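Reader: I have a model open and some quick questions. Can you walk me through a few spots?

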Amino acid sequence: MSTVTASPKKTGHPSALAEFWHYFSRNKGAVIGLAIFIVILVVAILAPLFAPHSPSEQNREALLLVPSWMEGGNSSYLLGTDAVGRDILSRLIYGARFSLFIGLVVVTLSVISGVLVGLVAGYFGGRTDIVIMRIMDIILAFPSLLLALVLVAVLGPGLLNAMIAISLVNQPHFVRLTRASVLAEREKEYVVASKVAGAGTMRIMFLTILPNCLGPLIVQATLAFSAAILDAAALGFLGMGAQPPTPEWGTMLAEAREFIQRAPWVVTFPGLAILITVLAINLMGDGLRDALDPKLKRS
Amino acid sequence: MLRFLLGRLAILIPTFLGVSLIAFSFIRMLPGDPVMLMSGERVMSEERHAAIMHDLGLDRPMPVQYLNYLTDVLSGDLGTSIVTKRPVLGEFLSLFPATLELSLCAIILAVVLGVPAGVFAAVKRGTWFDQSIMGVALVGYSMPIFWWGLLLIIFFSGYLQWTPVSGRISLMYFFPPVTGFMLIDSLLSGQPGAFRSAFSYLILPTIVLGTIPLAVIARQTRSAMLEVLGEDYVRTARSKGLSPLRVVGVHALRNALIPVITTIGLQVGVLLAGAILTETIFSWPGIGKWMVDAVFKRDYAVVQGGLLLIAGVIMLVNLAVDITYGFINPRIRH
């Protein structure tokens, strides 16, 4: 990311990080998103410190207990309990670990592979490009959730298989995006100039062209992070992702579905947790776009 | 233009072969004996096993098996459901209109609300109007739709009792399907109240399925418009003294729509993935629910056939998007 600005030798130029923060912090939503994300991250990492109960501890005396601020609530169970008397707040706190981990793994896998393949396709063109794009078309011909469902049918339900499937279907977006930006940039004067100046293929690909394609890629990466969380939760909801009694948010929703009228809070909070986490990441993504896209900066 | 069309069609063939190869390998990747899986029987004699194996062609070499599979697929034979014993293609065709109707309503909702919202947000950039539209769009984009559906059911179906919870039309009405679209069929049936009933069943699923495309289209339209509004030709159009409406509506929007159309095309995959969740929540009898049920019932013939058919639908829509793209942006044709 530091490649966006030139190395700050002269005085008076802010450092790349300071400049980044200057533009990022102008977007209030992004700062709020970052703050929420950091809170969720800390809570997830230090889950045993924050959770008032164990996520699997069942209290037979307190089944489907209402949240503490409602009549009949118990202050020791802030968000109430589920059908087998487990503390919902504690399960949500532990659930944050799963969601963030899923997002991280999926984004890392799909960004690295997608950008490499996209650069190659866009830069070399010709037959390489055709073969790569046809393979991407094949993957993109399946809806992500459907492919994940089918993979799960083959490999058996579980988080790992869900993550593999979600990475696989996210990757073509990065390939397409990188390729499209490379195609747009490849013929521009600064790239031609760099070529004339004698720069090698690797240098042109990674140092000349890639930084100018970073804006949309970073936005796509944050979107992929949140999409991965959503897809994994959806699989959990369908009973094909993390399996009970794992406190994964989507799985919790699936377990809570039958109490939809009797105990709406059991349904409300896991979904709210997904929404807030995904929203925070997407807010950050918008801020990153504003801070990293040179075109938007000047306008 | 003809060359462009033929080129696009030529691209479709290898993609289709790749997709069919994936659907073909799926059954063979499953753990367990394919004969038992495909016949749905647990216990069988050795002779019966060999007979079924021969019938299914599983005793032949892999490439021959694939060619046979491809020939069957191209002649419309996608196998028989293990559970219902009905042809997979027939089941798909009888359920697809329900998904199509829901998806069309969802995408219409998304385009009709999303494009104007994005254009206005871009024109009024930085105002409270822009910020609130984009705030709502971001919440919509971040929405876990299966939860959103449950919330809508709790509120509109449970608390207010305005809308029904599941199905396509009240059981009071019965008429033979003509188009397969409940909204049209209910009108054709001439039964009083039938259309109203079909509409009330459709409204919540449409909102749930349309939420994410709506948010994506609004956001994409706004950012495409912002980009285009900074271009020289927009400034030229303004300085020529054209009305702001003409500058925004004709000069800017036409070019801004190019990436938006790609986005709308990409939403088809999102819609079909969303249909899996939406149809499950609302018991909507379409192909999304059909596939989920097939996975749960281990009806692998349906999963295999459905995989190929759904991918085929998405490929055809992408082709249509590519062609539209060529019409709007002549540069792409070459």
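Author: A:Ala44 is buried, with a relative accessible area of 4%. Keep in mind that this is a predicted model.

Reader: Which helix of chain A holds A:Ala44?

Author: Helix H2, residues 28-45 of chain A.

Reader: What is A:Ala44 in contact with, leaving aside neighbours within four places in sequence?

Author: A:Ile93, A:Ala96, A:Arg97 and A:Leu100.

Reader: How far apart in space are A:Ala44 and A:Ala234?

Author: They are 20 Å apart, C-alpha to C-alpha. In sequence, 190 residues separate A:Ala44 and A:Ala234.

Reader: Switching to chain B. How many helices and strands?

Author: Chain B has 13 helices and 0 strands.

Reader: And the box its C-alpha atoms fill?

Author: Roughly 85 × 55 × 40 Å for chain B, taken along the principal axes.

Reader: What share of chain B is buried?

Author: Buried residues make up 49% of the 334 residues in chain B. The accessible surface of chain B is about 16500 Å². Carbon and sulfur atoms account for 68% of that surface.

Reader: What about contacts between residues 24 or more positions apart?

Author: They make up 71% of the chain B contacts with a separation of 6 or more.

Reader: Where does UniProt put "transmembrane region" in chain B?

Author: The unreviewed entry gives several spans, including 198-218, 256-282 and 302-328.

Reader: Take 198-218. How much of it is helix?

Author: Residues 198-218 of chain B are 100% helix and 0% strand, with end C-alpha atoms 28 Å apart.

Reader: And 302-328, end to end?

Author: The end C-alpha atoms of residues 302-328 of chain B lie 39 Å apart. That span is also 100% helix.

Reader: Now B:Thr211. Which helix?

Author: B:Thr211 is in helix H9, residues 194-229 of chain B.

Reader: Is B:Thr211 buried or exposed, and why?

Author: Buried, because its relative accessible area is 12%, and the cut-off for buried is under 20%.

Reader: What does its side chain reach?

Author: The side chain of B:Thr211 reaches the backbone oxygen of B:Ile207 at 2.6 Å. Leaving aside neighbours within four places in sequence, B:Thr211 is also in contact with B:Gly140, B:Met143 and B:Trp148.

Reader: Last one, B:Ile261. Buried or exposed?

Author: B:Ile261 counts as buried, at 19% relative accessibility. B:Ile261 lies in helix H11, residues 244-282 of chain B.

Reader: What does B:Ile261 touch, not counting residues up to four places away in sequence?

Author: B:Val321, B:Thr324 and B:Ile328.

Notes
Residues are numbered from 1 along each chain as its sequence is written. Chains are lettered from A and ligands numbered from 1 in the order in which they are written. This is a predicted model: local features need pLDDT of at least 70, side-chain atom pairs count only at pLDDT 80 or more; totals for chains, interfaces and linings use all residues. Side-chain values use heavy atoms; hydrogens and water are left out. Helices (H or I, at least four residues) and strands (E, at least two) are DSSP runs, numbered from the N terminus. Buried means under 20% relative accessible area, exposed over 50%, partly exposed in between (1.4 Å probe, protein chains only). Contact means heavy atoms within 4.5 Å. Accessible areas come from the Shrake-Rupley method with a 1.4 Å probe; for residues, only the protein chains shown count as cover. UniProt positions are given in the numbering used here, feature names are shortened, and annotations may be inferred rather than shown by experiment. A polar contact is a pair of N or O atoms within 3.5 Å; within protein, one must be able to donate a hydrogen and the other to accept it, and residues adjacent in sequence count only if both atoms are side-chain atoms.
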